Amino acid sequence: MNEAVAAHNEEANLVARVRGGDEAAFESLYLAHHNELWRFAYTYVRSRDVAEELVQDVFLAIWGTRATWEVHTRVRAWMYASVRHLALNHLRHERVVTRSISAGRHVASETEQAAADSSLHERTMGEPPMDQQLSLEAKEIDEAVVQAIAELSERRRIAMTLRWKHDMSSLEIARVLGTSPEAVRTLLTRARADLALLLDRPRL
């Protein structure tokens, strides 16, 4: 039995145990994936607390609906896709709230609204402020590379993050992004080309 088949059987057994209400199996799932899912959520929402809430929501949903939980792909890819879905919903909701508040006050000028949109864009797409923990986690990565990845377009940035920081295959990344492995390979190729240009750019 090769490693891929063994891993698949192990995951299938874990899912079956969780479906059966095995708390030890659920705890094992949580401990194995919580930290990496939190880091992934953080790349979207740029908030430690919100990222934690999203990850907790995924695990609560798994346990709450465990009897009917079905995974037709790798468990890891399923959870990443769930976190991404919740993160995108959160960002959409945040944009709606921001616009509703501005409309309700009837005082926001076009310049003020543009500034709000720019601030939101920076929090959802730009590089997050690196606190001590994140700095330690990313110490092996050159600062210039981190900054360059943060400047990529969203799908290229997420694909590259999943490849480099989470060691996902093209197939797993495709399942997270809801696309094909071929499209992922194209994303990664273009992302690397963008990174080469960004890293060659003179730094002030």
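Q: What do the side chains of Asp 194 and Arg 156 meet in?
A: A salt bridge, with N to O at 2.6 Å. The term stands for a side-chain nitrogen of Lys or Arg within 4 Å of a carboxyl oxygen of Asp or Glu.

Q: Which helices do Asp 194 and Arg 156 lie in?
A: Asp 194 is in helix H10 and Arg 156 in helix H8 (residues 154-164), so the pair ties together parts 38 residues apart in sequence. Helices here are DSSP runs of H or I with at least four residues, numbered from the N terminus.

Q: Is this a predicted model, or what is it?
A: This is a predicted model, where local features need pLDDT of at least 70 and side-chain atom pairs count only at pLDDT 80 or more, while totals for chains, interfaces and linings use all residues. Residues are numbered from 1 along each chain as its sequence is written, and side-chain values use heavy atoms, with hydrogens and water left out.

Q: How many salt bridges does a search of the whole structure find?
A: Six. One of them joins Asp 22 and Arg 17, at 3.0 Å from N to O.

Q: And which residue does Glu 172 form a salt bridge with?
A: Arg 74, with the closest N and O atoms 3.7 Å apart. Glu 172 lies in helix H9 (residues 170-177) and Arg 74 in the loop between helix H3 (48-64) and helix H4 (75-105), so the pair ties together parts that are 98 residues apart in sequence. Glu 11 is linked with Arg 74 and Glu 172 in a network of salt bridges.

Q: Buried or exposed: what does Glu 172 count as?
A: Buried, because its relative accessibility is 8%. The cut-offs are under 20% relative accessible area for buried and over 50% for exposed, with partly exposed in between (1.4 Å probe, protein chains only). Arg 74 is partly exposed at 31%.

Q: Back to H10. What should its 20 residues span?
A: At 1.5 Å a residue, helix H10 (residues 181-200) should span 28 Å, and its end C-alpha atoms are 29 Å apart, which agrees. The expected span is 1.5 Å times one less than the number of residues.

Q: Which residues of H10 are buried?
A: Val 184, Leu 187, Leu 188, Ala 191, Leu 195 and Leu 198. Seen down the axis of H10, these fall within an arc of 100 degrees, so they line one face of the helix. The arc is taken from the directions from the helix axis to the C-beta atoms.

Q: Which residues are exposed on the other side of H10?
A: Leu 197 and Asp 200.

Notes:
Helices (H or I, at least four residues) and strands (E, at least two) are DSSP runs, numbered from the N terminus.
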